[in-house]
Amino acid sequence: MGITMEEFRLAMETYGAKKVDFMEATKCAIPCFNVCGVDFVHSGTFYIVQQGHVCPTEIFNQAMAELGEKSPGERNHFWYREIHSIRGLLTLSAMLDGKYSLQ
């Protein structure tokens, strides 16, 4: 699994996340979006990192459990402060936003 910059941009724009100033990295602009105070930034390779205020541990753990992970890295959706799949990114975003029901 992995998330390209274009997949990240399209997913976050479709979700309706707030676009924030681009961060400069070497010679390319890195997309950055904010959901409920958490900045999600593309790593420049194939995953998303949380910058600044990070997702509360309880919500992160709920998102992992929803996607069948008991610990980060178990099923390739999450790692510590990192998101490695579009499904993981959208699940976590919706949970942060209070738009995801666990029922």
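Q: Why is N76 called partly exposed?
A: Its relative accessibility is 48%. Buried needs under 20% and exposed needs over 50%, so N76 lands in between and counts as partly exposed. Keep in mind that this is a predicted model.

Q: What makes the phi of N76 worth a look?
A: The phi of N76 is positive, about 70°, and N76 is not a glycine. Most residues other than glycine have a negative phi. You'll find N76 in the loop between α2 and β7.

Q: Which other residue has a positive phi although it is not a glycine, and where is it?
A: C36, with a phi of about 50°. C36 sits in the loop between β4 and β5. At 43% relative accessibility, C36 counts as partly exposed, because the value falls between the 20% and 50% cut-offs.

Q: How do you know whether E74 is buried or partly exposed?
A: Check its relative accessible area, which is 43%. E74 belongs to the loop between α2 and β7 (78-79).

Q: Why does Q50 count as buried?
A: Its relative accessibility is 3%. The label needs a value under 20%, so Q50 is buried. Q50 lies in strand β6 (residues 48-51).

Q: What does Q50 touch, and what is its side chain paired with?
A: Not counting residues up to four places away in sequence, Q50 touches V38, D39, F40, C55, F60, R81, E82 and I83. A polar atom of its side chain is 2.7 Å from the backbone nitrogen of C55.

Q: How do you know that β6 pairs with β8?
A: Pairing takes at least two bridges, and two bridges join β6 to β8 (residues 82-83), with the strands running antiparallel. In one of these details, I48 has I83 in β8 as its bridge partner.

Q: What makes β1 and β7 edge strands?
A: The open sheet has six strands in the order β1-β4-β5-β6-β8-β7, with antiparallel pairing. β1 (18-19) and β7 each pair on one side only. Helix α1 packs on this sheet, touching β1, β4, β5 and β6, and its direction makes about 35° with that of β4.

Q: How do you know that the buried residues of α1 line one face?
A: The buried residues of α1 are F8, A11 and M12. Seen down the axis of α1, they fall within an arc of 90°, so they line one face of the helix. An α-helix has 3.6 residues a turn, so residues three or four places apart point the same way. Among the elements covering these residues are β4, β5, β6 and α3. After α1 comes G16, whose phi is positive, near 100°.

Q: Which residues touch the most other members of the largest nonpolar core?
A: F8, M12, F40, F78 and L92, out of 21 residues in that core. At least two core residues come from each of α1 (5-15), β4 (32-35), β5 (38-42), α2 (57-66) and α3 (86-96). In soluble globular proteins, nonpolar side chains tend to be buried together.

Q: Why is N34 called buried?
A: N34 has a relative accessible area of 18%. The cut-off is 20% and the value is under it, so N34 is buried. N34 is placed in strand β4, and its side chain makes a polar contact of 2.7 Å with the side chain of D39.

Q: What makes G88 buried, and what does it touch?
A: The relative accessibility of G88 is 0%, under the 20% cut-off, so the label applies. G88 is in helix α3 and touches L67, H77, F78 and I83, not counting residues up to four places away in sequence.

Methods: Residues numbered from 1 in each chain as written. Predicted model: local features only at pLDDT ≥ 70, side-chain atom pairs only at ≥ 80, totals over all residues. Heavy atoms only, no water. Core = buried A, V, L, I, M, F, W, Y, C linked by side-chain atoms within 4.5 Å. Buried < 20%, exposed > 50% of the residue type's maximum accessible area, 1.4 Å probe, protein only. Helix = DSSP H or I, 4+ residues; strand = E, 2+ residues; numbered from the N terminus. Polar contact = N/O pair within 3.5 Å; in protein donor to acceptor, adjacent residues only side chain to side chain. Contact = heavy atoms within 4.5 Å. Arc of directions from axis to C-beta. Axes fitted to C-alpha atoms, helices over the stretch in contact; angles between N-to-C directions.
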